Amino acid sequence: MYEVIAFYLFSALTIGLFLITVMSKNVLYAMTSLAAGMVLISGFFFILGADFLGVVQLIVYVGAVMALYSFAMMFFDATRDIKEKNTPAPLIFLLGGLSALVLVLIFAGPIHSEAIQALYPMHEGVGNAQDVGIVLFTKYLVPFEVAAVMLLVAMIAGIILAGKKMDQSLTKDTTVDAEDEILTQKDAK
Amino acid sequence: MEVTTYTNVETFVTHLPEVTAVGVWIKAIIILAVISAIAGFGTYIERKVLAFMQRRLGPMHVGPYGLLQLVADGIKLFTKEDIVPQNANRLIFMLAPIITAATAFIALAAVPVFPDFTIPEWIPVIGGTFVPSIAADLNVGILFVLGMMAAGLYGPLLAGMAQANKWGIIGAARTAIQFLSYEVVTGLSILAPIMLVGSLSFVDFNNAQAGGISHWLIWQQPVAFVLFLIAGFAETNRTPFDLLEHEAEVVSGYATEYSGMRWGMFFIGEYANMITISIIAAVVFLGGYSEGGLGWLTIILKVGFFFFLMLWVRAAWPHVRPDQLMWLCWKVLMPIAVINVVITGIVMMV
């Protein structure tokens, strides 16, 4: 009973919040509803009894959207609306609509089939995290490692792009020696 | 080093009475009421402790030893005008303090607060209800609490961005920096004790250290303990790392435009987070509430010690700059935490 109420509440809220994310012209509303929607999605995992995945969703997306915020902060004035340049593009509309339809069909398909079976069912008395870990490190070890390597590549690329001036202090002006500056100021007088 | 893995920990929990929905409701109300009160009282203790460390008296005029100062402060906060500045994003501005306070209390739902008890039978309606120690005993409690506290930083972030004030924007930017700095250290530092215990549940942590002081995880994981404390200071934005609202640099940072109870809610959230971090540190590293019969007293003493430590550090240490915080977290603490995790893994394997 509680689960049904919670499910429909979370569904309505998630869809509503993501609609705001797409429709809103204010970057603050868009980002905030995105973050709130991501947090609410973790509620579905909790309803399903997948506590570990729910918490991971919470931690990962709270951090990820926080990083998005910092970009928004650099590029937009958060308190004003943004004038969007919307040129009508029928092809993009068609492709976007089609891919959305395909996604809905992919995820809705299994609901109708009665033959759904868990390939890796939960073990009684074993925690959620352990079960996920066992499947991840046996059956899905290769994709897991590939993902890890890709993240490592991304990290190294990020460090190289950002690290050119890392040995210089951002807060200290190294071009002018402090003593020289005083002298030049005295000379100017 | 002999490392034991703890597998048969469920035996402790099984003979407890069943947790009902009413019990959880009562627990939630108790947490809300008591922690709010302690958070208010915490401001008084903070001012007194700081005052004594600086050889002055602190609040003395309202009530004996200034004890009623927090009542006066409460009246002031509640009756102040609630201002929303011009050009601010009204909705987000009003929402932000609620996020801070709410997430702080949601995080408290998954940590053990006060011992469990059964309400006596003679009380009408709710008599005989068992009130659990943890409101929501998740088996991934630690991750949930850390995730919820991380979500709490959306309060300062949104507040700073919504208020159309340059100090606020700087405060919000510093929030993002601080979050992206400490979060990795928190996770990695607490990973080593999690590996030792083999569980993410606070109850398992408590039971794993049940054998007295020599079984405390701090002796096996001193490095992780220190790293977690440092990251915890950044997480609750306490003094060496209180960049978000550092008065000398950014007026009041994210809280510049706030007044009255909305401002107060940020601080209730901050003090509730201090209590949460203290409880996590006490349960994960200092043996929790497991001493036979006196567990409730020792956990209060441990939490009190960590709370005092935060005030002590505030009196003793200067602030750091944002770039120093990033340097500390990414170049010093994170490598140490990774090495600690690797060494723990090797020791467990051998």
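How many helices and strands are there in chain B? Let's start there, and hello, everyone. Chain B has 14 helices and 2 strands. Please keep in mind as we go that this is a predicted model.

Let's stay with chain B and look at its overall form. If you take the box along the principal axes, the C-alpha atoms fill roughly 60 × 60 × 45 Å. The radius of gyration of chain B is 21 Å, and that agrees with a compact globule, because one with 350 residues would have a value near 20 Å. As for the inside, 46% of the 350 residues of chain B count as buried. Now for the contacts in chain B: taking those between residues at least 6 apart in sequence, 80% join residues at least 24 apart.

Next, where chain A meets chain B. Here 23 residues of chain A are in contact with 30 residues of chain B. On the chain A side, helix H2 (27–47), helix H3 (51–75) and helix H5 (128–137) each supply at least two residues. H3(A) gives the largest share of that side, with 12 residues. And what is that side of chain A made of, by class? It has 15 nonpolar, 7 polar and 1 charged residues.

Last, a word on confidence in chain A. The average pLDDT of chain A is 80, and 83% of the residues score at least 70. Among the elements of chain A, helix H6 (residues 141–162) has the highest mean pLDDT, 91, while helix H7 (residues 178–188) has the lowest, 61.

Methods: Residues are numbered from 1 along each chain as its sequence is written. Chains are lettered from A and ligands numbered from 1 in the order in which they are written. This is a predicted model: local features need pLDDT of at least 70, side-chain atom pairs count only at pLDDT 80 or more; totals for chains, interfaces and linings use all residues. Two residues are in contact if their C-beta atoms, placed from the backbone, lie within 7 Å. Helices (H or I, at least four residues) and strands (E, at least two) are DSSP runs, numbered from the N terminus. Ala, Val, Leu, Ile, Met, Phe, Trp, Tyr, Cys and Pro count as nonpolar, Asp, Glu, Lys and Arg as charged, and the others, Gly among them, as polar. pLDDT is the predictor's confidence in each residue, from 0 to 100. The radius of gyration is taken over C-alpha atoms; the globule rule is 2.2 Å times the number of residues to the power 0.38. A residue is buried if 20 or more other C-beta atoms lie within 10 Å of its own, exposed if 12 or fewer, and partly exposed in between; C-beta atoms are placed from the backbone.
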